[in-house]
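The following note is intended for a colleague who is meeting this structure for the first time. Please read the points beside the sequence and the model.

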Amino acid sequence: MNNGTWRAGMPQKRVLYCGPSNKSVDVVATFIKDKLKFYGPPRMNICPKIVRVYSETIEANEFPVPGKPTLKNQRASDSESNREHRDIALHHRIREVDNPYKKKILEYDRYFKSLNGQATVQDERKIKDYRQLIRKAERFILQYAEVILCTCSAAGSERIYIDKTVVEQCIVDECGMCTEPESLIPIVKSKANQVVLIGDHKQLKPVILCKAAEQLGMGRSMFERYSQNEDYITVLTTQYRMEYSF
């Protein structure tokens, strides 16, 4: 996308890929890494620089900070990042060797762990400094990202849109399963030059537990609404996620 000519200080163009759930986004992350030879030798690796951004609540569950809510009562699959993608997960990447903020972040991690969730008034300043440090470390990683993968709700986080960032394309996958407000989060927040909605509104629809909300139209996705206008529709003829059977 940046033709290999991007340098620090230049506007970085990128793709924002979103889905309704962590599982749906992780499936695509796996596909990208496998098909574009993420782990292959340099001459075969055509994978763009990808970063998987999880919710701040999931991040806090893996690296607890006093006073930050966690998901201890949730299933492990809902409260932790996918282990297969920790090499591209933002909150793990900032703790790796190539990040200049790694050492200080790990020191804070050890200290917060020793508190067992009990912070004193004196610790409040350390927590504030830690959060500022995390933001600097995230910016260091995100400045090189060409593709960011996250859920629609996580796309509302300010930290994704660092200075001199241009979201060239916003992709909302499985859009037929998203409520319209959910789809609007990445579309509005990213201010992308192009928006692509992918899905099948005749299969799974948004899950609405409130009957009143469903009756008022919340059960109709943005994808279904736009599908009524043939000018907006492109029907795909190849299913790239499936393997041929012989």
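What percentage of the 246 residues in the protein is made up of buried residues?

1. Buried residues account for 39% of the 246 residues. The model is a predicted one. Its accessible surface amounts to about 15,400 Å², and carbon and sulfur atoms contribute 53% of that area.

2. The protein contains 9 helices and 5 strands. Starting at the N terminus, the order of these elements is β-α-β-α-α-α-α-α-β-β-α-β-α-α. Of the contacts between residues at least 6 apart in sequence, 69% link residues at least 24 apart.

3. Strand β1 (residues 12–19) runs parallel to β3 and is joined to it by 5 bridges; Gly19 lies opposite Thr151 of β3. Strand β2 (residues 50–52) pairs with β3 in the parallel sense as well, over 3 bridges, and Arg52 stands opposite Leu149.

4. At the surface, Tyr226, Tyr232, Ile233 and Val235 form a nonpolar patch with about 420 Å² of accessible area together. Ile233 is located in the segment that follows α9 (222–226). Because its relative accessible area is 39%, Ile233 counts as partly exposed.

Note on methods. Residues numbered from 1 in each chain as written. Predicted model: local features only at pLDDT ≥ 70, side-chain atom pairs only at ≥ 80, totals over all residues. Heavy atoms only, no water. Helix = DSSP H or I, 4+ residues; strand = E, 2+ residues; numbered from the N terminus. Buried < 20%, exposed > 50% of the residue type's maximum accessible area, 1.4 Å probe, protein only. Contact = heavy atoms within 4.5 Å. Areas by Shrake-Rupley, 256 points an atom, 1.4 Å probe, with all protein chains shown as cover. Patch = residues over 30% accessible without salt bridge, like charges linked within 9 Å, V, L, I, M, F, W, Y side chains within 5 Å. Salt bridge = Lys/Arg side-chain N within 4 Å of Asp/Glu carboxyl O. Pairing = 2+ DSSP bridges.
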